Amino acid sequence: MEWFISLSPVLQGLTATIFTWSVTALGAALVFFFKNVDRKILNSMLGFGAGVMTAASFWSLLNPAIELCGELGYSQFLLPAIGFFAGGVFIIFADMLMDKYSYGIIPVNNKSLEKNKSYKKSILLVLAVTLHNIPEGLAVGVAFGGVAVGIPSASVAAAMTLALGIGLQNFPEGAAVSLPLRREGLSREKSFFYGQASGIVEPIAGVVGVIAAITIRSMLPFFLAFSAGAMIAVVGAELLPEASIENKKLTTFGLILGFILMMVLDVALG
């Protein structure tokens, strides 16, 4: 713990997001051992990760944004509200664009219509997970940046817990990419490559988030709130609907436990 605290904020953000990416790779590595994994386990992890991300959106991102607005003399609700709204709209708009321009990615013919649809769905899954990993990496980076600029409610422990929660929900996401690709006929090596590659954007976004938070302090409340809104949109639009299709009770239980864990750790260690 001491060695991590002694690192610069940029290295902290990079290290934390390398961890979240590595968990994605770990989940994708299941393709070397299985073609299918018990959905109850994966859905429980998705629910747990969603709970951590929901709690972190307030305690690690939105609340620090509100506090910093007070320090900077801004309205304590206007900029956080605008940032939160912008983050949510970003995810919704990105999903809409992906749906709109996804048609025609895979050539469809009468002989292999179903197979082409399956390939298309797998490609869209890779794109969707990659897209949603960007705000998650950004959120971790901004959280560490908030610690660096001295926001009272921000702490290294809270930022690390946020990274842990994102990492936990990245495990089933990595598996959710690699396993369907394997079922569609790709080799284990290629399926793993695409699965882990969906998370490689997180370290990049993490470093960008830290640098932006440190260098543009006046806009940090917006970045914090933007990250919070984007994470809530990912939770509401992707994680919970996907995890609740078959195991609603387990997903809900995981959501509650994840939220409680993040709340306790943030309050106790923050």
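A residue is called buried under 20% relative accessible area, exposed over 50% and partly exposed in between (1.4 Å probe, protein chains only). The structure is a predicted model, in which local features need pLDDT of at least 70 and side-chain atom pairs count only at pLDDT 80 or more, while totals for chains, interfaces and linings use all residues. Residues are numbered from 1 along each chain as its sequence is written, and side-chain values use heavy atoms, with hydrogens and water left out.

A pair of aromatic rings is described by the distance of the centres and the angle of the planes. Rings of Phe, Tyr and Trp (its six-membered ring) pair if their centres lie within 6.5 Å; planes under 30 degrees apart count as stacked, over 60 as edge-to-face and the rest as tilted. Nine aromatic pairs were found in a search of the whole structure. One of them is the tilted pair of Phe-90 and Phe-226, with 5.8 Å centre to centre and 50° between the planes. Because Phe-90 lies in helix H4 (residues 78-101) and Phe-226 in helix H9 (residues 220-244), this pair ties together parts that are 136 residues apart in sequence. Helices are DSSP runs (H or I, at least four residues), numbered from the N terminus.

Phe-90 is partly exposed, at a relative accessible area of 34%, whereas Phe-226 is buried, at 18%. A further pair, Phe-222 and Phe-223, is edge-to-face, with 6.2 Å centre to centre and 70° between the planes. Phe-223 is partly exposed, at 21% relative accessibility. Phe-90, Phe-222, Phe-223 and Phe-226 are linked into a cluster by ring pairs.

Note on methods. Helices (H or I, at least four residues) and strands (E, at least two) are DSSP runs, numbered from the N terminus.
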